[in-house]
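Trainee: Hi, I've got a new model open and could use a hand reading it. Can we go through it together?
Mentor: Happy to, let's have a look.

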Amino acid sequence: MDVVILKDGDAVAAAGADLLQRVLRRKPNAVFGLATGRTPLAMYQRLIAACRDEGLSFRDVTTFNLDEYIGLSPDDPQSYRAYMKRELFDEIDIDQSNTFLPECGEKTDPLDVGPAYEALIRSRGGIDLQVLGIGRNGHIGFNEPTSSLNSRTRIKTLTRETIAANRQYFNDPLAQPQLAVTMGIATIMDARQIVLLATGKEKAEAVRPTIEGPVSAMCPASILQMHETVSVLLDEAAASALTLRDYYDWIAQQKRRISGKKEGR
Ligand code: GLP
């Protein structure tokens, strides 16, 4: 696990955008797993700017989002589909027919959505880079605490804590869904590379067990310790509860030294 502690949210956004761009340069038809929420917004802004000003192209890219609410139509502004259109897809050159969320249309049986989504991900060759945020209780996607670490895309009941944290996005609390379809933890772990972004003090108590705690379904993000290629990008506030802080700084120093040597400095 590569733990990268950066000055602020801007630096986290820049480092995240850089990771995505590196994958895209290597593989123009990359498959990205994407996340919603407040955290990735600044990174999306940077990707939009790179598309507009630097010739970055998502023309051949496919995307799979982590999750979608059950009971909101795609054009409901609170749906994650609407979020993705507004915050990224409408602003870049992606072919929107290659953008997928685990959506549950009116006529679809919610129980069919998960297996169909898994099959679709497989048919596109799997996910090259999965972007994650983290919930205050350590959830990834909507895999709440006690989710099976081996779970696949399926319906999840949201915790009261998650519903409360996301209430700010809903004008009418009665319109806020309590169910969602989310990629499973095993689905996320199948991605070839993962980047988790966390910013702000309210994430510090979820970040610590993710990196330093035992692997446990009580903190679903802790499973990332078992993945070979994970970067955790943190701002100072989100990193503030880590106990091995000095060690992460020491590693960063060694990395700078090694890369300096490589570049002949
Ligand atoms: C939501 C989403 C997650 C997201 C998390 C954190 O519930 N399902 O994918 O990572 O909450 O959101 P935010 O970045 O707004 O704190």
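Mentor: One term before we start: a residue counts as buried under 20% relative accessible area, as exposed over 50%, and as partly exposed in between. Also keep in mind that this is a predicted model.
Trainee: Okay, so with that rule, is aspartate 2 buried, exposed or partly exposed?
Mentor: Aspartate 2 has a relative accessible area of 27%, so it is partly exposed.
Trainee: And which side chain does aspartate 2 meet in a salt bridge?
Mentor: That would be lysine 255, with an N to O distance of 2.3 Å. Aspartate 2 sits in strand 1 and lysine 255 in helix 8 (residues 245-262), so the pair ties together parts that are 253 residues apart in sequence. Lysine 255 is partly exposed too, at 41% relative accessibility.
Trainee: How many salt bridges does the count come to?
Mentor: The count is 16. Another of them joins arginine 46 and aspartate 10, where the closest N and O atoms are 3.8 Å apart.
Trainee: What about aspartate 128, which lysine does it pair with?
Mentor: Aspartate 128 pairs with lysine 27, and their closest N and O atoms are 2.9 Å apart. Both lie in loops: aspartate 128 between helix 4 and strand 6 (129-132), lysine 27 between helix 1 and strand 2 (31-34). Aspartate 128 is buried, at a relative accessible area of 7%, whereas lysine 27 is partly exposed at 27%.
Trainee: Which residues are linked in a network with Asp128?
Mentor: Lys27 and Arg192 are, through salt bridges.
Trainee: Switching topic, in what order do the strands of the sheet run?
Mentor: The order is 1-10-9-6-2-3-5, an open sheet of 7 strands with parallel pairing. At the edges are strand 1 (2-6) and strand 5 (99-100), each of which pairs on one side only.
Trainee: Over how many bridges do strands 9 and 10 pair?
Mentor: Strand 9 (residues 193-198) and strand 10 (residues 230-235) share 5 bridges in the parallel sense. For one example, leucine 197 has leucine 233 in strand 10 as its bridge partner.
Trainee: Last one: which strands does helix 4 lie across?
Mentor: Helix 4 (residues 110-123) lies across strand 3 (62-65) and strand 5, and runs at about 150° to strand 3.

Notes: Residues are numbered from 1 along each chain as its sequence is written. This is a predicted model: local features need pLDDT of at least 70, side-chain atom pairs count only at pLDDT 80 or more; totals for chains, interfaces and linings use all residues. Side-chain values use heavy atoms; hydrogens and water are left out. Two strands pair if DSSP finds at least two bridges between them. Helices (H or I, at least four residues) and strands (E, at least two) are DSSP runs, numbered from the N terminus. Contact means heavy atoms within 4.5 Å. Axes are lines fitted to C-alpha atoms, for helices over the stretch in contact, and angles run from 0 to 180 degrees between N-to-C directions. A salt bridge is a side-chain nitrogen of Lys or Arg within 4 Å of a carboxyl oxygen of Asp or Glu. Buried means under 20% relative accessible area, exposed over 50%, partly exposed in between (1.4 Å probe, protein chains only).
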